Amino acid sequence: MGHVYHTGVAGMLLNATSGIGFLSRTRGLCGSYLIAATVVTADGHVHKCSASDEPDLFWALPGAGSNMGIVTSLSFRLSIVPPVVLGGDVVQVS
């Protein structure tokens, strides 16, 4: 649930916001849920990275991933979210 409705989870994670969304205050950044990624770098090599395999590349993905190469897959751990989520801007009309 990012702030921009037309951006998917990959765009939200890999671009400058690092995954700031409506649930960030209660669940944290999207990047903190990333488990693993597959990245194709400019030299044509395929890198499967995680916290234990190629940790520098894995660390760089949230927020700057679009500069690291083409990300072809992402794996996330999940968080339970209630069926109704109230978030976003709250405006009171009097």
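Reader: Is Thr38 buried or exposed?

Author: Burial is judged by relative accessible area: buried means under 20%, exposed over 50%, and partly exposed in between, with a 1.4 Å probe and protein chains only. Thr38 is buried, because its relative accessible area is 14%. Please note that this is a predicted model, in which local features need pLDDT of at least 70 and side-chain atom pairs count only at pLDDT 80 or more, while totals for chains, interfaces and linings use all residues. Residues are numbered from 1 along each chain as its sequence is written, and side-chain values use heavy atoms, with hydrogens and water left out.

Reader: Where does Thr38 lie, and with which side chain does the side chain of Thr38 make a polar contact?

Author: Helices (H or I, at least four residues) and strands (E, at least two) are DSSP runs, numbered from the N terminus. Thr38 belongs to strand S1. A polar contact is a pair of N or O atoms within 3.5 Å; within protein, one must be able to donate a hydrogen and the other to accept it, and residues adjacent in sequence count only if both atoms are side-chain atoms. For the side chain of Thr38, the partner is the side chain of Ser73, at 2.9 Å.

Reader: How many helices and strands does the chain have?

Author: There are 3 helices and 3 strands, and along the sequence they follow the pattern α-α-β-β-α-β. Of the 94 residues in the chain, 24% are buried.

Reader: What does Val39 touch, leaving out residues up to four places away in sequence?

Author: Contact means heavy atoms within 4.5 Å. Val39, in strand S1, touches a list of residues that includes His47, Cys49, Leu57, Leu61 and Val71. Val39 counts as buried because its relative accessibility is 0%. Val39 and Leu61 also show how positions separated in sequence can be compared in space: they are 22 residues apart along the chain, and their C-alpha atoms are 9.4 Å apart.

Reader: Which residues make up the largest nonpolar core?

Author: A nonpolar core is a set of buried Ala, Val, Leu, Ile, Met, Phe, Trp, Tyr and Cys residues joined through side-chain atoms within 4.5 Å. In soluble globular proteins, nonpolar side chains tend to be buried together. Here the largest such core has 11 residues: Met12, Leu13, Leu14, Cys30, Leu34, Ala37, Val39, Cys49, Leu57, Phe58 and Leu61. At least two residues of this core come from each of H1, S1 and H3.

Reader: How should I read helix H3, and where is its kink centred?

Author: One begins with the expected span, which is 1.5 Å times one less than the number of residues. A straight helix of 14 residues would span 20 Å, but H3, residues 55-68, spans only 13 Å between its end C-alpha atoms. The bend at a residue is the angle between axes fitted to the seven residues ending there and the seven starting there. H3 has a kink of about 105 degrees, centred on Pro62. After H3 comes Gly69, with a positive phi near 150 degrees.

Reader: Which residues are buried in H3, and what do the buried residues of H3 pack against?

Author: Leu57, Phe58, Ala60, Leu61 and Gly65 are buried in H3. The buried residues of this helix pack against helix H1 (9-14), S1, S2 and strand S3 (70-76). Leu57, for example, is buried because its relative accessible area is 13%. Beyond its neighbours within four places in sequence, Leu57 is in contact with Val39, His47, Cys49 and Met68.

Reader: Where does Thr41 lie, and is Thr41 buried or exposed?

Author: Thr41 is in the loop between strand S1 (34-40) and strand S2 (46-50). Thr41 is buried, because its relative accessible area is 17%. The side chain of Thr41 makes a polar contact with that of Asp43, at 2.5 Å. Gly44 lies in the loop between S1 and S2, and Gly44 counts as exposed because its relative accessibility is 51%.

Reader: What is the phi of Glu54?

Author: Glu54 has a positive phi of about 55 degrees, although it is not a glycine. Glu54 lies in the loop between S2 and H3, and counts as partly exposed because its relative accessible area is 36%.
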